Amino acid sequence: MKKKRENLEQAIKAKIEIWRRRAKEGNFKSFLFYWDVKFFSGRDALNEVIDTLQYVHDEFKKGHSVRVAISLPPRAGKSYMVSLFCCFMLGLFPEKSIMRNSATSSLYRKFSKDIGEIINTEKWRKCFENNIFLKINNSEKLVLDSAVDVSYFGNGVGGNIIGMGSSMLAITDDLFSNMTDALSGTYNDKVISWDDSAMRSRVEGNCCRIDIGTRWTKTDVIGRNEDKYDKIIKIPALNEKGETFCSKVHTTAFYLKERSEIDSMTWSAEYMQEPIDIKGQLFKADELLYYDDDPDEFESNLSICDTADTGTDYLSSPMVKKVGTLYYLYDVIFTQLNMEFTEPLIANTYNENHIDIAR
């Protein structure tokens, strides 16, 4: 029995050494198994994501800049995998730098802490056969001994990332904390503006871009850039057969129960990666007619209001101007606020817009 156990331990050590050697040669999947074989074994559904991150490594090594998007159900391990990918890339290219931004500064600090703990281990140094050590300053920037400047930095949306440059990876990891933020046009504009200005200006050389997050709407960071990605990975919680995408994450029964208990829009976006404005739309954008100015002459100024008070339903009140057989939609109220707020809101808006008839 003792001999059998010793043989098993030797076989495991040999396998770990194979994974370590392949990881040092640039194989990301081998690094995942070297680091945490218990977690990644049996998660074949993640192979598409692993292959995509391998593609980013391969293209960066060739001197190419690529951009990918990854959307997975909650608790699938995407942020953990991306943290390990950062550690993998820093092990292979320790002089380069990574920027990773998220919805809040506290979430960024968690990611930074996780990566610091991984890199500050003998296991990580042994994998890449180096003796590089890590320094952490007060703002949670990580600096390897071999770095030209900073090795890993970032912040929450709206936070300060000025003065640092990203030469290897620029990552967004869940820029929206929740559905309310994602559906807020004002907040979405803030995220887009920050992404376009502060984040984009930090990119250097052939830095590759990875956007990770729930597919909330067509106008979120991933949605508005769909034509710019080299690869887009979207994995729903339930596959075409209605079965779980990965039993090690959650069972089919768990997901079916979740679907029956949570808001349908949350289920569509967070679990199935179906943008809310696509899932519920009656008309595709390219099927609609558009106009530049309100019509000067119109037959009537109309509105209809579908009320809602409590629960997950939304009040919806579009306002249109009728000209012949056409209806010009020029304003809309769409909210989950209760009647205490919506009654005066509707009344004031109708007065301001001079609505003739409302139903």
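The following paragraphs describe the chain as a whole and then helix α12 in detail.

This is a predicted model, in which local features need pLDDT of at least 70, side-chain atom pairs count only at pLDDT 80 or more, and totals for chains, interfaces and linings use all residues. Residues are numbered from 1 along each chain as its sequence is written, and side-chain values use heavy atoms, with hydrogens and water left out.

The chain has 12 helices and 12 strands; these are DSSP runs (helices H or I, at least four residues; strands E, at least two), numbered from the N terminus. Its C-alpha atoms fill a box of roughly 90 × 50 × 35 Å along the principal axes. Of the 359 residues, 47% count as buried, a term that means under 20% relative accessible area, whereas exposed means over 50% (1.4 Å probe, protein chains only).

Helix α12 comprises 15 residues, 339–353. From first C-alpha to last it reaches 20 Å, close to the 21 Å expected at 1.5 Å a residue, where the expected span is 1.5 Å times one less than the number of residues.

Within α12, Thr342, Ile346, Thr349, Tyr350 and Asn353 are buried. Viewed down the axis of α12, the buried residues fall within an arc of 100°, so they line one face of the helix; the arc is that of the directions from the helix axis to the C-beta atoms. The cover over these buried residues includes β9 (300–303), β10 (315–323), β11 (326–335) and β12 (357–358). On the other side of α12, Glu340, Glu343, Asn351 and Glu352 are exposed. After α12 comes histidine 354, whose phi is positive, near 55°.

Note on methods
Contact = heavy atoms within 4.5 Å.
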